[in-house]
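Keep the viewer open while you read.

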Amino acid sequence: MGGCVQFLLKRIYKWTRTDQRRYTPGSFIMGNSCSNNLGIPPAKGPNAVGCTDFMMDHTVQGTFFRLYYPCQEMEKPEKPDWVPCREYFNGLADFMKINRTISEKIFNYFFGSFKIPASLDAPFKSNGKCPVIIFSHGLGAFRTLYSAICAELASQGFIVASVEHRDLSASATFHFREKTESEKANKNFPKPCTSDPADLVKEWMYYRPLRHGESEFTLRNQQVKQRGDECILALDKLIEINSGISVQNVLQTRFDWTTLENSMDLCRIAVMGHSFGGGTVIEALCKEVKFKCGIALDAWMFPLEDEIFPRVKQPIFFINSEKFQWAGNISRMRKLDSAVIQRKMITIRGTVHQSFPDFTFLTGNWIGKLMKLKGEIDPELALDLCNKATLAFLQRHLGLENNFNQWDPLIDGQDDNLIPGTNVTVLQSAM
């Protein structure tokens with residue numbers, strides 16, 4: 001995500017410091033599309049969607065995720081901000097290596113008004129047991145940036161936990177520490193937000209760039225192992241919640257977690273992720289057999305050790321963009337091919353790497369293409385194909401009794417906008 005966005009924001013920064021005042025931020029976000037038409041599309045499934053945040057154990061060793069779930073209809077639902085607070089803008093700036101002050105203003109102007117298509121802390125709607133998905137974000141992202149995908153899955157009856165990773169691959173995340181005695185005694189010490197516990201202090205963690213001379217594989221491999229563990233920890237907490245064990249959410253939300261008791265079908269659990277999160281899918285499948293299958297969106301395979309591939313026994317669905325993949329990455333995916341376990345791959349025509357996160361919906365056409373946030377295909381069509389293919393694969397391998405099998409042909413790339421397998425030429429010697 002960093003390169004083109006970084007280039008564009010630096011250009012905007014230069015313009016804002018010259019006399020070329022005829023250029024306004026609005027002219028950049030709109031492109032050839034009206035800003036009123038921009039926004040994350042609502043979910044299409046039969047259920048209304050709620051979301052809430054969960055943090056168990058306030059330390060960095062705890063788990064932190066956004067939960068999407070089928071909810072009761074609300075007369076005046078509160079829609080959460082897409083970017084939760086300014087520290088995430090700062091994190092994006094750090095990730096892109098640009099000045100925080102100016103980038104915060106630009107990011108806030110571009111993206112600060114967008115809302116997630118889900119009702120904050122809405123009551124859970126009990127309608128049979130829900131299959132579960134753990135979702136892992138990409139490098140430089142965080143828990144809210146894939147809300148279109150997560151909300152769609154929740155609208156189709158899934159409970160989805162979008163993990164915010166603490167391995168320093170997220171643009172920003174946070175945990176808490178206990179106040180010192182001097183902080184407790186200091187009446188002028190800043191008061192916490194309403195959702196923060198009064199006796200704790202928020203500690204922010206930002207993306208850690210590769211250091212000069214550092215081995216990237218060593219860092220990324222360490223991170224992907226932690227990410228896999230964090231996906232498993234999130235699942236473990238959902239299992240506790242489902243069993244009726246009382247949990248203490250560090251974040252003081254309005255959501256009643258006891259309503260999730262006995263709500264999850266723990267025989268039907270999948271793991272899903274994008275980019276670095278796609279690599280995390282493979283790591284998590286290797287470590288946890290409770291994950292019955294995995295969906296890897298434009299997976300980045302570099303962080304993974306070859307030795308784990310033979311240990312992955314579950315079905316995997318690789319859904320790739322047309323413009324991101326390369327022979328070395330595809331050859332590593334092919335190492336997971338199996339004669340006995342279903343491993344499928346499709347490529348969505350006209351897509352780019354950022355066709356999966358929400359950014360693709362939030363800029364006009366020309367600026368979106370310049371920033372590589374949009375491909376040639378309509379972003380809603382691309383995501384619709386991705387979601388339908390995902391649902392068909394999940395029905396097949398989780399044993400669901402829905403009508404998602406109507407989209408089975410998409411699993412094999414049978415659509416004018418799909419390529420079976422890959423568009424990348426891979427030599428046999430690279431396999």
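## The big picture

Keep in mind that this is a predicted model. The protein chain holds 12 helices and 12 strands. Of its 431 residues, 57% count as buried.

Take the contacts between residues at least 6 apart: 76% of them join residues at least 24 apart.

## The main sheet

How many strands form the open sheet, and in what order? There are 10 of them, running β3-β1-β2-β5-β4-β8-β9-β10-β11-β12, and the pairing is mixed. At the edges you'll find β3 (119-120) and β12 (418-420), each pairing on one side only.

For a closer look at one pairing, go to β8 (residues 264-274) and β9 (residues 293-297). These two are parallel, with 5 bridges between them. Along that pairing, Ala 270 faces Cys 293 of β9.

## A helix packed across the sheet

Helix α8 (residues 276-287) lies across β4 (130-136), β8, β9 and β10 (316-321), at about 140 degrees to β8. Its length checks out: at 1.5 Å a residue, 12 residues should span 16 Å, and the end C-alpha atoms are 17 Å apart, which agrees.

Is α8 mostly buried or exposed? Buried: 11 of its 12 residues qualify, so the helix is largely enclosed by the rest of the structure. The buried set includes Phe 276, the glycines Gly 277, Gly 278 and Gly 279, and also Glu 283 and Cys 286. The cover over these buried residues includes β4, β8, β9 and β10, along with helix α7 (216-243).

Helix α3 (residues 86-96) is another mostly covered piece, with 9 of 11 residues buried. Among the buried ones are Glu 87, Tyr 88, Phe 89, Asn 90 and Met 96.

Strand β6 (residues 172-178) has 5 of its 7 residues buried, so the rest of the structure largely encloses it. β6 runs antiparallel to β7 (residues 200-206), and 7 bridges join the two. In that pairing Glu 178 stands opposite Leu 200 of β7.

## Rings and charges

The charged end of Arg 100 sits over the Tyr 206 ring, 4.5 Å from its centre, while that of Lys 202 sits over the Phe 174 ring, 4.4 Å from its centre.

## Loops worth a click

Pro 117 is in the loop between α4 (100-111) and β3. Why does Pro 117 count as buried? Its relative accessible area is 16%, and the cut-off for buried is under 20%. Leaving aside residues up to four places away in sequence, Pro 117 touches Ile 40, Pro 41, Pro 42, Val 49, Lys 79, Ser 147 and Ala 151. Pro 117 and Ala 148 are 31 residues apart in sequence, yet their C-alpha atoms are 7.4 Å apart in space.

Asp 121, in the loop between β3 and β4, has a positive phi near 60 degrees without being a glycine. Asp 121 also counts as buried, at 11% relative accessibility. Asn 262 sits in the loop between α7 and β8, and its phi is positive, near 60 degrees, again in a residue other than glycine.

Key. Residues are numbered from 1 along each chain as its sequence is written. This is a predicted model: local features need pLDDT of at least 70, side-chain atom pairs count only at pLDDT 80 or more; totals for chains, interfaces and linings use all residues. Side-chain values use heavy atoms; hydrogens and water are left out. Two strands pair if DSSP finds at least two bridges between them. Helices (H or I, at least four residues) and strands (E, at least two) are DSSP runs, numbered from the N terminus. Contact means heavy atoms within 4.5 Å. Axes are lines fitted to C-alpha atoms, for helices over the stretch in contact, and angles run from 0 to 180 degrees between N-to-C directions. A charge sits over a ring if NZ of Lys or CZ of Arg is within 6 Å of the ring centre and within 35 degrees of the ring normal. Buried means under 20% relative accessible area, exposed over 50%, partly exposed in between (1.4 Å probe, protein chains only). The expected span of a helix is 1.5 Å times one less than its number of residues.
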